[in-house]
Amino acid sequence: MAQPSSCVSPDDSRLFADDLDVSKAYTEALRKAGCLTTEQCSSILTGLELVRYDWIEGLLKFSPTDKDVHTINKRRLTEIIGEVGQYLNSGCSRSEQVLTAMKLWLRKAINELLARVQRCIEAILEKAEQHLGVLMPAYIDLQRVQAVQFSHWLLSYAWILREDYLHLKEQEKLLLVSPLGSGTVAGNPFHIDRVWLAKRLGFTSVTENSLYAVADNDFMDFAKRESLDITGIPLEELQNICPHIDRDIAKVADFRDIVEQYDVTGGTASTSVQKQIELLKDFVTNLKKD
């Protein structure tokens with residue numbers, strides 16, 4: 001893939017495919033609204049795919065005047081197909097274009113994270129079942145306090161990941177509202193079919209206020225706060241899966257009967273641990289049905 005110049009950040013360059021997808025959908029909407037001829041629409045769509053090819057093959061040459069991925073894509077499109085490329089995104093502001101592309105990218109990133117979190121939960125459940133009955137010391141402030149089942153300790157991270165999964169799913173809802181077709185501030189002047197456009201890009205609804213649409217970036221604050229990155233699961237909890245177990249772990253074997261006393265819901269007794277495993281298994285099973 002082509003490497004961006006100093007005027008375009010590596011993070012920004014990751015949006016190239018999503019920006020192209022937004023431009024293709026909007027071009028089709030312009031044709032649907034009668035703003036482009038069939039020939040013009042076809043020429044732009046073909047040109048956008050050639051721009052995509054240049055990105056993937058590392059053939060794109062950057063210009064000092066390039067401000068972001070969208071300006072790069074439009075410049076290259078015009079170089080390929082000529083003046084017809086100037087019709088790209090007619091009536092569409094850079095704000096709505098960029099916000100829509102960012103939402104598309106984040107949706108894919110979150111979906112990949114959700115899949116990874118699910119696999120982590122499944123791996124933890126597998127290990128927990130394999131080590132039922134194994135005891136370990138539990139610590140508070142690096143001080144040994146009680147003996148617990150290793151499976152109980154391990155499952156604590158599965159519950160943490162379950163909460164993270166649900167949190168990500170909630171945030172994903174913010175990314176299903178399309179701002180595309182809002183115009184600069186007052187709405188789109190070409191009577192673009194926004195509902196059709198939203199469905200075309202996989203959104204479930206459209207924003208109801210044009211000013212709000214082009215100014216809304218709360219979803220990006222979430223992304224920064226959670227450090228979303230498709231290169232790995234950015235959950236700090238996973239860095240803590242390392243028990244503070246002394247070499248004299250065998251000493252906790254004397255506490256088996258005490259451990260089994262904690263059979264209340266959420267406790268460390270065998271019956272409680274097995275119930276946790278079943279609850280988490282049901283959670284994963286329901287995820288696969290969705």
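This is a short walk through one structure, with a look at its rings, one of its helices and a few single residues.

Okay, before anything else: this is a predicted model, so please keep that in mind throughout. The protein chain has 11 helices and 4 strands. It runs to 290 residues, and 43% of them count as buried. If you take contacts in the protein chain with a separation of 6 or more, 75% of them come from residues 24 or more positions apart.

Let's start with the aromatics. How many aromatic pairs are there? The count comes to 5. Take Trp153 and Tyr157: their ring centres are 5.4 Å apart and their planes sit at 75°, so this pair is edge-to-face. Both belong to helix α6, residues 150-174, and because they are 4 residues apart there, about one helical turn separates them. As a reminder, an α-helix has 3.6 residues a turn, so residues three or four places apart point the same way. Trp153 and Tyr157 are both buried.

Now stay on α6 and slide along to Tyr165. The ring of Tyr165 pairs with that of Phe283, with 5.8 Å between centres and 85° between planes, so here too we call it edge-to-face. What I like is that this pair links distant parts of the chain: Tyr165 is in helix α6, Phe283 is in helix α11, residues 270-289, and they are 118 residues apart. Are these two buried or exposed? Tyr165 is buried, and Phe283 is as well.

Next, helix α4, residues 69-81. With 13 residues at 1.5 Å a residue, α4 should span 18 Å, and its end C-alpha atoms are 18 Å apart, so the two agree. At the start of α4, a side-chain oxygen of Asp68 comes to within 3.2 Å of the backbone nitrogen of His70. Just past the other end, Gly82 takes a positive phi of about 85°. Which residues of α4 are buried? They are Val69, His70, Ile72, Asn73, Leu77 and Thr78.

A disulfide is a covalent bond between the sulfur atoms of two cysteines. This structure holds 0 disulfides. Cys41 counts as buried, at 8% relative accessibility, while Cys120 is partly exposed, with a relative accessible area of 21%.

Two last residues. Lys24 is in helix α2, residues 16-32. Despite being a lysine, Lys24 counts as buried, because its relative accessibility is 18% and the cut-off is under 20%. Leaving out residues up to four places away in sequence, Lys24 touches Leu45, Leu48, Glu49 and Arg52.

Then there's Leu211, in helix α8, residues 210-215. Buried or exposed, what would you say for Leu211? It's exposed, with a relative accessible area of 51%. From Leu211 to Ala186 is 25 residues in sequence, and their C-alpha atoms are 7.0 Å apart in space.

That's my tour, thanks.

Key. Residues are numbered from 1 along each chain as its sequence is written. This is a predicted model: local features need pLDDT of at least 70, side-chain atom pairs count only at pLDDT 80 or more; totals for chains, interfaces and linings use all residues. Side-chain values use heavy atoms; hydrogens and water are left out. Rings of Phe, Tyr and Trp (its six-membered ring) pair if their centres lie within 6.5 Å; planes under 30 degrees apart count as stacked, over 60 as edge-to-face and the rest as tilted. Helices (H or I, at least four residues) and strands (E, at least two) are DSSP runs, numbered from the N terminus. Buried means under 20% relative accessible area, exposed over 50%, partly exposed in between (1.4 Å probe, protein chains only). The expected span of a helix is 1.5 Å times one less than its number of residues. A polar contact is a pair of N or O atoms within 3.5 Å; within protein, one must be able to donate a hydrogen and the other to accept it, and residues adjacent in sequence count only if both atoms are side-chain atoms. A disulfide is a pair of cysteine sulfur atoms within 2.5 Å. Contact means heavy atoms within 4.5 Å.
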